[in-house]
Amino acid sequence: MSVIEYDVIVIGAGTAGLTATAWLAEQKLRVALVTAGEPTACLSTGCIDVCSRDDQPLAGIAGLPDGHPFHRVSPEMLGQSLDDFRQMMADMDMPYKGALEKNRRVLSAIGTFKNTCLVPATMEASPQSDDERIHLITFTGLKDFYPGYILSRFPNASFSSYDAGVSTTMGIAANFEDSAFLETFLLWLERQKIREDKIAFPAVLGLESAFSVLKQIESRLERPVFEIPTLPPSMPGRRLFNAMKDHLRRRGGVIYWNWPVVGVERSGRQIEAVTTEAQGRPNSLNARAFILSTGSFVGGGLYAKRDRIVEKVFDLPVFAPENRDDWFDQDYFSMNHGIGQAGIAVDDAFCPTDSPWNNIFVCGSILARTETLKNGCGHGFAIATGRAAARSCLERLK
Amino acid sequence: MTFEHCIRCTICVENCPVFRVQPDFPGPKQAGPDAQRFRIGREKSIDDWVLLCSQCKRCEMACPCGVEPAQIILRVQQRYGLEHPHTPAHLLFANNYYLSALGSMTAPLANRMAASNIGKKILGQMGIATYIPFPKFSFQTLSREKKNRNRGERKVAFFYGCFINFYRPDIGRKIIRMLQSFHINVVLPPQVCCGLPALGNGNLALARTFARKNVASLSNYIDAGYDIVYTCTSCGLCLLQDYQGILEIPEAKKIAENCYDLHEYLLKLIAEREIHPVFREVNRTLAYHIPCHLRALKIGYPAADLMKRIPDLDFTILDDACCGLSGSYGFKKTNEAAALQLGERAVSLVRKTGAAAIISDCGSCRMQMGGLSGMDAFDPAEILCESLGIRDKK
């Protein structure tokens, strides 16, 4: 067995885990991130939802039911973690816009609005009402983006279609990284004689350089341009993940890809190590503390059996509505499926309650009563709890 | 895990380098788990686009559900290879080992031929791309190295791989000298190609022949108390993963349990306080291009952990881009455009770091990145040797 020693091991590479790891690395701890695969963050819109149920995120948080883990994060901690996030993304040349005081709207690919707090700068010009005059650009054969949905809700919108030679979001985004392609495209765009005030694109304006591509289009067409998030593969989600990952590494954190944790070594009330599979010998990662950020059901942190829900790494006690009948609402699209509350209940230090181990900290959507969809507690919640759990972990180690 | 565990999240597609630049390839999700649902029958395979997969394994590293798209595609590639005639390029690259042996034997002539215009034309006719120069054959291969026993207790059987043997035996000699400087007893066991090029070109039977020979030889050394150390990450992946997996070699588990990446092995000996290397300053700024197959080995980035101990050495880890060559993949005319586009992207990421040279564990990555950028491309072992003051004899 190959044994590797760290101060802290973080399990799960979503926004919560990435935030916690990067912050601990900044505090000069020896920290590593272990992940079974890439996170659901890659599939996201890249928007930072703090609490989207209210027009004001802070008021929304205050109105969350008792026992919601957001109440364990102080407003200062929330503000600080989001400020740091914005600074980090600006340093990576992917600035974010918005403020904690007020949520803003982002136009979705079906013409509805999504409430969110911080948006990638490529979505800053997204319309705030459906009477705005916008011109949509779509791409021949791009099957995941139908302008018709938006046109049906926006009376002052029109569209044109460009043949990019490829018909997938990934392929088109890769083309936009090529300056010759961009130039040809811009010449075509100028010929369209667009009259509307703003120009909209599905989110395919490049992989790493989206912001600078957008700026070039804006300066040539002399009006605001914005991206509309698409179905996965979602470029804004990928950009967010890549930037957070690079930032983490620059701070000295280590990432182990595709290392699903298969075993745990315990001693007394402490977890001493987690083991992961490898082709030859298993790896044993020893650490003084562990942070669990493996996500909820889709992320793979929780798994529902017929009779109970299990937490897959440490087998921590999972909170879930007691009565099995309360797990699901009759209406499929309801926001009130009780199963959304399932997760790990924690104390003020983000340590699991009723757990036999005292060196585990939990953050992100695996926390009990989060109800990510219903409350609109997305990446913003993950960033804030990731930071809070990491700080609590650091205090414990001192 | 089987294809049925796929939840169709497309994270694998986002990670596929080929999908990014090759519109004919439907991506790992469609080529792997999706199409697998239709491959159960006995009909002859018609999905020739599976050959466009370069087997970089990035999809497998990214999949959150443990589905192995590349593994599914690899098996379909073998089936396609069985049912259809092979192109000259596929035949040549599958037999790369024999070809290289011949090339090395006639090194001065073979090198001149490969670099000449006529040579390039002939290669082009056979469907082989020549956008970067072919590596130069070395007349004095590593396998001809004289035995040089050292009386250490720690015994290593070095699986050097074809690239070092035929093209860069100087790196191999440095590595041997480095291990010997730690009083490790190094031998060069009888060995042939690991079999990965044959697998990559749809020649399962040939791959199995190579694998059986290697396992028979290495197994004896393990019994005699030797640890197997490899340095080529693709050879390593084949020894560890494919021998147990698709090639179904008995005893492969024993090989996997006793096989170490060179840097992983050094770290292990340092952790066990068996060796105490003293690293001296190396004043370089480097970009560490992580080979896809190093990621797939799931041993972390051990060379990076070692190089962190070298004073003054400044390096940036880049693990998001595939160099595009993928062994013999980029050398085929059909893949040339994709390989070039991917290679140029990888090089542009290197340039952004401001590095003066590239390091990479994989010989073919170095060939591509060095060839396209004109920068020096080193094996991390060369940097370690520089720091430890170990030089090639010459």
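**Exercise 1. Around an arginine in chain B**

Which residues does B:Arg154 touch, not counting residues up to four places away in sequence?

*Solution.* Before we start, two notes on the model. This is a predicted model in which local features need pLDDT of at least 70, side-chain atom pairs count only at pLDDT 80 or more, and totals for chains, interfaces and linings use all residues. Residues are numbered from 1 along each chain as its sequence is written, chains are lettered from A and ligands numbered from 1 in the order in which they are written, and side-chain values use heavy atoms, with hydrogens and water left out.

Step 1: find the spot. Helices (H or I, at least four residues) and strands (E, at least two) are DSSP runs, numbered from the N terminus.

Step 2: list the neighbours. With contact meaning heavy atoms within 4.5 Å, B:Arg154 touches B:Ile184, B:Asn185, B:Asp227, B:Tyr265, B:Lys268, B:Leu269, B:Glu272 and B:Glu274.

Step 3: check the burial. Buried means under 20% relative accessible area, exposed over 50%, partly exposed in between (1.4 Å probe, protein chains only). At 19%, B:Arg154 is buried.

Step 4: look for a polar partner. The B:Arg154 side chain has a polar contact with that of B:Glu272, at 3.4 Å. The rule here is a pair of N or O atoms within 3.5 Å; within protein, one must be able to donate a hydrogen and the other to accept it, and residues adjacent in sequence count only if both atoms are side-chain atoms.

**Exercise 2. A strand and its two partners**

Find the strands that pair with β14 (residues 270–276) of chain A, and say how enclosed β14(A) is.

*Solution.* Step 1: take β13 (residues 261–267) of chain A. β13(A) runs antiparallel to β14(A), with 6 bridges; two strands pair if DSSP finds at least two bridges between them. A:Ser267 faces A:Gln270 of β14(A). The two strands make a hairpin with 2 residues between them, and A:Gly268 in the turn has a positive phi of about 60 degrees.

Step 1: go to the other partner. β15 (residues 283–286) of chain A pairs with β14(A) over 4 bridges, again antiparallel. Here A:Val274 is opposite A:Leu285, and the hairpin has 6 residues between its strands.

Step 2: count the buried residues. β14(A) has 5 of its 7 residues buried, so the rest of the structure largely encloses it.

**Exercise 3. Where the chains meet**

Describe the interface of chain B and chain A by its contacts, area and charges.

*Solution.* Step 1: contacts. 36 residues of chain B touch 33 residues of chain A.

Step 1: area. About 2900 Å² is buried between the chains, 49% of it on carbon and sulfur atoms; this is the accessible area (1.4 Å probe) that two parts lose on being put together, summed over both. B:Glu14, B:Arg20 and B:Lys298 supply 25% of what chain B buries, more than any other three residues.

Step 2: charges. The rule finds 5 salt bridges across the interface, each a side-chain nitrogen of Lys or Arg within 4 Å of a carboxyl oxygen of Asp or Glu. In one salt bridge, A:Glu208 meets B:Arg345 at 2.4 Å, N to O.

Step 3: polar pairs. Across the interface, 15 residue pairs are in polar contact, both at pLDDT 80 or more. On the chain B side, α1(B) gives the most, with 4 residues.
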